[in-house]
Amino acid sequence: MPDSVTITDNRTGDSIEIPIVNGGVSSAEWRKLLPNTWFFDPAFVSTAACESAITYLDGDAGILRYRGYPIEQLAEHSTYLEVAYLLTHGELPTPAEYQRWSHEVTFHTFIHENVRKRFLDGFHYDAHPMGMMVSAVAALSTFYLDAKDIADEESRQKQVVRLIAKMPTLAACTYRFSVGMPFLYPDNSLSFTANFLRMMFEPLEHIRWDDPVMARALDVLFILHADHEQNCSTTAMRVVGSSHADPYSACAAACAALYGPRHGGANEAVVRMLHEIGSLENVGPFVESVKAGRGRLQGFGHRVYKNYDPRARIIKRTADEVFEVTGKNPLLDIALKLEEVALSDDYFISRRLYPNVDFYSGLIYQAMGFPIDMFPVLFAIPRTSGWLAHWLELLAQDAKIARPRQLYMGADEREYVPMERRTAAT
Ligand code: CMC
């Protein structure tokens, strides 16, 4: 049987055979038969917008791999910084490469004083940290003018290191600003995650920021969130990157996409939902209200995973380790009950809705001492390496500027009506 599809235009009887290559059919072939007929595919549900060698995801089987390495093995043995290298360079680093990479990242963690003093300090006192983050990342483009030189390989690599290194510093800045604490400079003797925890929380005594279990848990969470192929924010990065904007501007667009509750804001929504449920007795009625169409079960369902999200499995183990140190998050019992009720209910089973990565990540972050507003920011820190890997890939492929088509549904041509002759009906 040939690995192809045949399309016939019933108006003319003309047909074309299009080979299926790597699971896709080329729209260029389709255009030869039907030059002005567009695929109607809102939200790109059935469209592969690029070829990519970064992340493999099989939503039916619940498989996730970065550059071929199973997420389970990376979460078990690797660090976020090593995974960031893997994503952006394509291979795991040798000891010498890793030493050079971690030195470079560590020594680019400082941000220009003006970013903090003039820019971040100018926000309103109750600004949302993610709103500040979106703007601060965009503002970095005004500090590194060489970033515009995207054709230069050396310049590209420099921005990659800068962005990965500065995200935790900016994130900690937004938090300390929002609670009125003085900014703390990075400590280059610490690991990536230990340094971030210190910049966030020192000298707070009720938070176990210097416990190595916390730094390791954060490493695992960062690994799990580092990339997820063509998700909403990565698509934003690729679309803006395809116009050849500098990587800070493209990354700010990706951050903005991540801000929404359907994407990076989901773990925040989960914790708010669990608070709202409030007790085990309310779980059943809450699930019924979701089934009746009054809201969604946050942290459930995924565009691609129609099986248990493999990241959610790993996260459950990390939650146990963190709760050993911090004490159990009181919302955990409600979450477990909710999962149990939903997974045995036909509404969720028939729609293949399972817990996703964000169902438990918010509970862990909250137990670690992070305020809810910081959750999307915590997602943006590691996802930056994924965004940059896609940006580098896009430029290496010399991809065309993103420019989809539309099906026009508006008015036909009509005459301009002068204002004095217009009524509400016209
Ligand atoms: N609770 C209740 N019903 C749901 C949910 C949910 N969380 N998700 C989907 N459905 C239902 C939906 O109502 C629809 O039912 P019907 O066929 O009767 O109309 C069906 O399932 C299919 O839903 P959809 O909206 O077509 O699915 P989608 O692929 O467009 O949406 C999603 C994916 C993640 C936006 C959605 O599942 C959702 O809103 N989940 C809650 C928010 C969430 O947890 N987001 C985090 C995603 S993981 C982090 C990341 O990778 O960014």
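Analyst: Angles under 35 degrees count as roughly parallel, over 145 as roughly antiparallel, 65 to 115 as roughly perpendicular and the rest as oblique. Axes are lines fitted to C-alpha atoms, for helices over the stretch in contact, and angles run from 0 to 180 degrees between N-to-C directions. Helices (H or I, at least four residues) and strands (E, at least two) are DSSP runs, numbered from the N terminus.

User: And the ground rules for the model?
Analyst: The model is predicted: local features need pLDDT of at least 70, side-chain atom pairs count only at pLDDT 80 or more, and totals for chains, interfaces and linings use all residues. Residues are numbered from 1 along each chain as its sequence is written, and side-chain values use heavy atoms, with hydrogens and water left out.

User: At what angle do H3 and H7 pack?
Analyst: About 150 degrees, with the axes of H3 (residues 80–89) and H7 (residues 153–179) 12 Å apart. H3 and H7 are therefore roughly antiparallel. Their crossing is right-handed. A crossing is left-handed if the near helix is turned anticlockwise from the far one by less than a right angle, and right-handed if clockwise.

User: Which residues of H3 and H7 meet?
Analyst: H3 brings Tyr80, Ala84, Thr88 and His89, and H7 brings Gln157, Val160 and Ile164. Contact here means heavy atoms within 4.5 Å. By class, the H3–H7 contact has 4 nonpolar, 3 polar and no charged residues. Ala, Val, Leu, Ile, Met, Phe, Trp, Tyr, Cys and Pro count as nonpolar, Asp, Glu, Lys and Arg as charged, and the others, Gly among them, as polar.

User: What about H6 and H11?
Analyst: The axes of H6 (residues 129–140) and H11 (residues 247–258) come within 7 Å and cross at roughly 165 degrees. H6 and H11 are therefore roughly antiparallel. The contact has Met130, Val134, Val137, Ala138 and Leu140 from H6, and Tyr248, Cys251, Ala252, Cys255, Ala256 and Leu258 from H11. It divides into 11 nonpolar, no polar and no charged residues.

User: H14 and H17: parallel or antiparallel?
Analyst: Roughly parallel. The axes of H14 (residues 310–326) and H17 (residues 358–368) come within 10 Å and cross at roughly 20 degrees. The crossing of H14 and H17 is left-handed. Among the contact residues are Ile315, Val322 and Phe323 of H14 and Tyr360, Leu363 and Ala367 of H17.

User: What does Ala367 touch?
Analyst: Beyond its neighbours within four places in sequence, Ala367 is in contact with Val322, Phe323, Thr326 and Asn329. Ala367 and Thr326 are 41 residues apart in sequence, yet 6.3 Å apart C-alpha to C-alpha.

User: Switching to the ligand. Which residues come nearest?
Analyst: His263, Arg296, Leu297, Gly299 and Arg303, out of 18 residues around the ligand. The cut-off is a heavy atom within 4 Å.

User: How far is His263 from a ligand oxygen?
Analyst: 2.5 Å, from an N or O atom in the His263 side chain. Arg351 has a polar side-chain atom 3.0 Å from a ligand oxygen. A polar backbone atom of Phe300 is 2.9 Å from a ligand nitrogen.

User: Which peptide bond is cis?
Analyst: Glu202 to Pro203, with omega near 10 degrees. Pro203 sits in the loop between H8 (192–201) and H9 (212–225). Most residues other than glycine have a negative phi, and most peptide bonds are trans.

User: Where is Asn22, and what is its phi?
Analyst: Asn22 is in the loop between strand S2 (15–21) and strand S3 (24–25). Its phi is near 50 degrees, a positive value in a residue other than glycine.

How values were computed: Polar contact = N/O pair within 3.5 Å; in protein donor to acceptor, adjacent residues only side chain to side chain.
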